[in-house]
Amino acid sequence: MAKQTTRKILLRCQAAVLVSLSAACSGGGPTGSSSSSPGMEVTFLVGSAMGDFCQQSMERFNQTGPKLKDGSSFTVKCVAKGSGDIVSELLTQANALKNGSVSAEDPSWPTLVSLDGDIYVDQLAYQFSQLFPGQNYLPTVADAPLLANSPMVFMVREDLAQSLRKTKDPFQALLTAKSHKDLDAGSQPLPLRYVHTAPTRSNSGLQTLVAQFASVSGKRPDQLTVADVGAHQGKVGEIQQKITRYGTSTTSLAKAMVANGPFWASVGSVYESSVIAANAQVPAGQPRYQAVYPGITYTSNMRGVLSTGPWVSPAEKEAAEQIIRYIRQPETQQIGTTLGLRPGTPGVALGNKFTQTWGVEAQPKYDSFRVPKPEVVEAMLQSWQTAAKKPSQVVIVVDSSGSMTGTKLAAVQSTLQTYLKGLGPKEKVTLIDFDSVVRKPVSVDGSPEGQSKGLEFVVALKADGNTKLYDSILAAQTWLTQNLRPNAINAVIVLTDGEDSGSGQQLPQLLSALKKSGFEGEQRIAIFTVGYGNAGDFAPDVLKQIAEANGGYYRQGDPASIAQLMADLQVEF
């Protein structure tokens with residue numbers, strides 16, 4: 001085995017011991033491997049749409065006991081993230097390599113990568129070529145083997161789908177129509193509410209944003225220029241005004257459409273595979289959802305991206321090539337079809353998920369968009385963040401009761417500071433601190449003055465007193481109702497580590513009050529709750545009930561995970 005590979009394995013073993021994880025040394029961590037699996041661990045970093053396919057296929061692969069030509073064993077570990085997150089992570093790693101703060105032997109480098117679409121693959125290759133001119137460390141889109149694919153579609157409830165099918169360009173419909181009846185006189189007078197993921201974090205969101213610019217400009221994406229982005233960002237902003245909220249996971253957003261109903265969002269830009277997954281969640285007797293295929297759309301190609309960079313050793317390259325061959329085998333491809341992904345290998349049967357029962361067509365007719373120039377994509381992302389994105393106003397309710405002492409409060413303070421530093425020009429935040437007392441709201445934005453004001457709030461947090469949870473949530477809702485930001489996403493985030501004590505109302509009263517500002521009315525205020533610490537310290541069922549009553553969701557966090565959890569929440573708005 002090459003010296004570089006041996007050193008990387010040793011580094012991985014040392015890192016595993018330091019965090020009390022023996023996966024890299026004993027084989028306990030890789031997907032599907034037994035506790036006695038020795039040898040090299042290969043990290044396969046995939047976009048979220050490929051996550052389940054990677055886990056299930058690599059579990060089977062690990063069970064075969066894969067070996068290199070020299071007889072040494074290896075196992076595969078799948079790690080699924082948003083495609084935008086993967087690009088950011090790899091660029092950070094590449095910059096660290098270039099400035100010498102990270103070595104090519106660092107165990108954090110993935111061996112194999114798959115992004116959920118060609119735009120991000122092209123962007124990643126472009127950025128690497130800027131960092132390492134002439135090296136060609138990443139393959140072009142054409143040279144990366146296809147593992148699976150799924151077209152971008154519009155997800156609509158079956159009783160509303162015909163109204164969207166009658167439009168030549170659904171994005172133009174979102175631009176002009178206010179209700180489904182505007183699209184089809186025979187349809188329901190239900191308001192057009194729209195969702196897609198954040199293009200900075202998710203491939204489906206990026207493909208959707210590019211398609212919106214193509215629609216309003218009348219040009220195909222590969223014909224667009226940076227000047228076109230500036231000229232048409234206003235029209236894209238008008239489409240964005242229909243947004244209920246953004247998100248990091250395409251399938252989670254599709255499932256939220258099912259859970260929250262058409263008053264929350266009646267149309268979503270998602271993968272075809274997400275429609276299939278969402279229909280599995282539809283309660284019996286309720287309308288199912290259908291995929292509406294635009295005449296021209298993106299095919300989300302999920303490719304195996306194997307770098308020629310120095311961070312991939314010859315042994316790792318050999319292992320990655322085995323992985324790609326295994327995934328492209330017809331038997332393995334069938335795993336993908338059961339998950340709603342179309343095969344990357346020609347000639348593989350689609351299976352029973354590709355039927356009207358699951359809301360999709362076996363042989364849809366559409367033309368595929370090509371990838372825009374990298375500098376145009378960068379301009380679009382910048383335009384979305386500064387001009388086109390729907391504005392937001394979020395109230396963050398922070399529990400500072402006595403149980404928040406020690407690392408709990410310190411981690412929350414650090415996380416809040418990062419959240420405030422990440423505020424964009426379209427985002428406003430109001431902070432409310434509570435314990436035995438619910439304190440006055442403090443409103444901040446991303447300006448220097450706003451940042452200073454927010455830091456004063458964070459520094460002043462002290463752990464003391466009881467937990468007036470219900471009173472604080474009602475105070476946040478009341479303030480937001482009275483200070484509703486027009487044409488914006490208005491939401492409340494509640495962070496608590498305990499159950500309510502001392503509030504002037506009970507849970508039923510709170511839920512009744514919250515529903516008055518929910519998504520069946522005009523205020524459309526969502527509530528998101530975070531249980532912080534150990535599950536026994538708070539009531540998860542209560543927090544979930546509060547969130548789901550108003551179109552939000554509940555998550556559990558701790559000092560180690562709160563930063564990522566809040567970063568994900570920030571992308572919703």
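Here are some numbered notes on the structure above, which is a predicted model.

1. Let's start with the overall build. The protein chain contains 21 helices and 18 strands. Its radius of gyration is 24 Å, close to the 25 Å that the globule rule gives for 573 residues, so the chain is as compact as a globular protein of that length. If you boxed up the C-alpha atoms along the principal axes, you'd need roughly 70 × 60 × 50 Å.

2. Buried residues make up 57% of the 573 in the protein chain. The accessible surface comes to about 22900 Å², and carbon and sulfur atoms account for 51% of that. As for contacts with a separation of 6 or more, 77% of them are between residues 24 or more positions apart.

3. A quick word on charge. The protein chain carries 51 positive and 49 negative charges.

4. Now find the disulfide; the structure has one. In general, a disulfide is a covalent bond between the sulfur atoms of two cysteines. Here the partners are Cys 54 and Cys 78, with 2.1 Å from S to S. Cys 54 sits in helix α3 (residues 51-63) and Cys 78 in strand β2 (residues 74-81), so the pair ties together parts that are 24 residues apart in sequence. The link is left-handed, with -85° about the S-S bond. Are its two ends buried or exposed? Cys 54 is buried, at a relative accessible area of 1%, and Cys 78 is buried too, at 8%.

5. Have a look at Ser 83, which belongs to helix α4 (residues 83-99). With a relative accessible area of 1%, Ser 83 counts as buried, because the cut-off is under 20%. What does Ser 83 touch, once residues up to four places away in sequence are set aside? The answer is Gly 47, Leu 115, Asp 116, Tyr 120, Arg 201 and Asn 203.

6. Val 267 is another one to click on. You'll find Val 267 in strand β6 (residues 267-271), and its relative accessible area is 0%, so Val 267 is buried. Val 267 and Met 155 are 112 residues apart in sequence, yet their C-alpha atoms are 5.6 Å apart in space. Leaving out neighbours within four places in sequence, the contacts of Val 267 include Phe 154, Met 155, Val 156, Leu 164 and His 180. Also among them are Leu 192, Arg 193, Tyr 194, Val 195 and Met 257.

7. Last up is helix α14 (residues 330-338), where Thr 332, Gln 333, Ile 335, Gly 336 and Thr 337 are buried. Among the elements covering these residues are α3, β4 (146-157), α13 (314-328) and β11 (342-343). After α14 comes Gly 340, which has a positive phi, near 90°.

How values were computed. Residues are numbered from 1 along each chain as its sequence is written. This is a predicted model: local features need pLDDT of at least 70, side-chain atom pairs count only at pLDDT 80 or more; totals for chains, interfaces and linings use all residues. Side-chain values use heavy atoms; hydrogens and water are left out. Helices (H or I, at least four residues) and strands (E, at least two) are DSSP runs, numbered from the N terminus. The radius of gyration is taken over C-alpha atoms; the globule rule is 2.2 Å times the number of residues to the power 0.38. Buried means under 20% relative accessible area, exposed over 50%, partly exposed in between (1.4 Å probe, protein chains only). Contact means heavy atoms within 4.5 Å. Accessible areas come from the Shrake-Rupley method with a 1.4 Å probe; for residues, only the protein chains shown count as cover. Lys and Arg count as positive and Asp and Glu as negative; His and the chain ends are not counted. The place of a charge is taken as NZ of Lys, CZ of Arg, CG of Asp or CD of Glu. A disulfide is a pair of cysteine sulfur atoms within 2.5 Å.
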